[in-house]
Amino acid sequence: MTSVAEAPTVQRRLLAQTGHGPLPTLDASQVVGLARDAGLTGRGGSGFPLWRKLNAVLVSGRPPTIIANGAEGEPASGKDKALLTYQPHLVLDGLQLIARAARASTAYLYVAQPAAFRAVLGSRRDPIPVTLVTAPDAFVAGEESAVAAAVAGRGAVPADKRFRLPDTGTLVQNVETLAHLALIARYGAGWFRTAGTYDEPGTFLATIGGAVAAPGVVEAGYGVPLGDLITAAGGPTAPLAAVLVGGYHGAWVPADPALPISREALSPYGATPGAGVVTALPLGACGLAETARIAGYLADQSAGQCGPCVNGLPRLATTLADLAAFRARPTLPAEVTRLTHLVTGRGACRHPDGTARLIASAMRAFSADVTAHLNGHCLATHTP
Amino acid sequence: MTRLHIDWTACDGRGLCAELLPELLAEDDWGYPMARDGSPSPTVPPALEPNAQRAVDRCPALALHLTREAERPSAPTR
Ligand SMILES: Cc1cc2nc3c(=O)[nH]c(=O)nc-3n(C[C@H](O)[C@H](O)[C@H](O)COP(=O)(O)O)c2cc1C
Ligand code: SF4
Ligand code: SF4
């Protein structure tokens, strides 16, 4: 999944082959101001403005802990690995910018394979030393409070959110977000805004997978039509039934080539660009079966701490598996709706919320399939 | 505004709080507290604050906390 696709619509900023020249030294207010003027938002899934979290860390009065999150626990995503492979210096530049601005004594890089970064770190003369921390291979290991726990030497499991992390002095940013910051520091907020839309500026890295000829990572401005992303990944290998946008915590949207990939255009489907994962489902594949498979995976990935998540996610997954396998009962759709509401907002992290969002979107996007499955047959695979 | 925050990593789901604070909490399918208003951290009306405080004090897992608006996590996280 780490190939970088070639296509005319690809906009290369993070993935440009060129060198970038020296990194300017900026004080805290300059970094906050630049990030705000650029409209830089988190690329790890939340889409939250960087400057607001950074500002909260700066005013917290606590010793700052600055962490680059390269865990990329989402199995369908490959963009952070690609970025860290092709442009590790941009990520490390962004990390230095923030760590210097916050006057941190150490910065942290949290990745699955830390050994791979020793040489890169050794080749730099960073004013703030970078400590490598291993990200375990688990879906929730990249959740920000799990990241903070791992860096503090505890297990990488999410923690209660009574206090917001930035208010405790800890800043967790996705590695792509930091790489964008490194470019903004050099080329300015105005330059950043020349890509993307007015409300959602800049480019993002998309991981395109599923029924495409050349699965891989593509960079494009927010608002890029879905069809251009699919084309950049070699085009569809079959007519498409639907597309999953935002990864396993995302939502199903119609396979409409004109659909812009932006928060605004995706919101009617309950979707967001998230961390840029786009997975194409071919005609002939059952969206309910695919969703049931993902739901089973997500239920297994619950960190096992919070009652509604521990109990609710497996219940949701088996209910969906029953629907996919025609072990259906008329009350099943209502049961799915009730369970999605039952788990949403009721965990230390948003794993239950994301899982519920995916399942609710499947029930909407594949409503004709739901009816067919309840009646014992599948529209996509013509089984049983 | 006061809210009742539930630390799900601590709660053991025996449902004591739903008994002590039935005005705000019910039990879900598994005995975990569920806010009647459907929100993750229900608002506590001033008249119920003493009862809510009692539930907080009696929770065996120390999973309940009364929070003022400023402490409440807004949603920067996904
Ligand atoms: C279950 C779960 C898993 C997550 N995994 C990741 C991850 O692997 N990498 C990541 O950058 N963010 C992940 N996030 C989002 C982080 O909590 C956090 O929002 C993000 O790292 C902040 O960086 P950003 O603002 O630059 O996006 C995850 C969130 C949840 C709820
Ligand atoms: S909500 Fe689920 S995944 Fe998140 S911390 Fe609780 S048990 Fe773990
Ligand atoms: S009393 Fe405490 S531990 Fe028991 S169900 Fe309520 S919150 Fe959970």
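User: How many residues does the contact take from chain A and from chain B?

Analyst: Chain A puts in 27 residues and chain B 21, where contact means heavy atoms within 4.5 Å. Keep in mind that this is a predicted model: local features need pLDDT of at least 70, side-chain atom pairs count only at pLDDT 80 or more, and totals for chains, interfaces and linings use all residues. Side-chain values use heavy atoms, with hydrogens and water left out.

User: What area is buried between chain A and chain B?

Analyst: About 2400 Å², with carbon and sulfur atoms giving 56% of that. Buried area is the accessible area (1.4 Å probe) that two parts lose on being put together, summed over both. On chain A's side, A:R162, A:R346 and A:R350 supply 26% of what chain A buries against chain B, more than any other three residues.

User: Why is the pair B:D29 and A:R338 called a salt bridge?

Analyst: The term asks for a side-chain nitrogen of Lys or Arg within 4 Å of a carboxyl oxygen of Asp or Glu. For B:D29 and A:R338 the closest N and O atoms are 2.7 Å apart, so the pair passes. The rule finds three salt bridges across the interface of chain A and chain B.

User: Which elements give two or more residues to the side of chain A that touches chain B?

Analyst: Those are helix 12 (307–324) and helix 13 (332–343) of chain A; helices here are DSSP runs (H or I, at least four residues), numbered from the N terminus. Helix 12 of chain A has the largest share, five residues.

User: What makes a residue count as being around ligand 2, and which come nearest?

Analyst: One of its heavy atoms has to lie within 4 Å of the molecule. Ligand 2 has 13 such residues, and A:A303, A:Q305, A:C306, A:C309 and A:C349 come nearest. By class, the shell has eight nonpolar, five polar and no charged residues; Cys and Ala count as nonpolar, whereas Asp, Glu, Lys and Arg are the charged ones.

User: How confident is the predictor in chain A, and where does pLDDT stay under 50?

Analyst: pLDDT is the predictor's confidence in each residue, from 0 to 100. Chain A averages 95, and 97% of the residues score at least 70. Over residues 1–8 of chain A, though, pLDDT stays under 50. Where pLDDT is low, the predicted coordinates should not be read in detail.

Definitions and conventions:
Residues are numbered from 1 along each chain as its sequence is written. Chains are lettered from A and ligands numbered from 1 in the order in which they are written.
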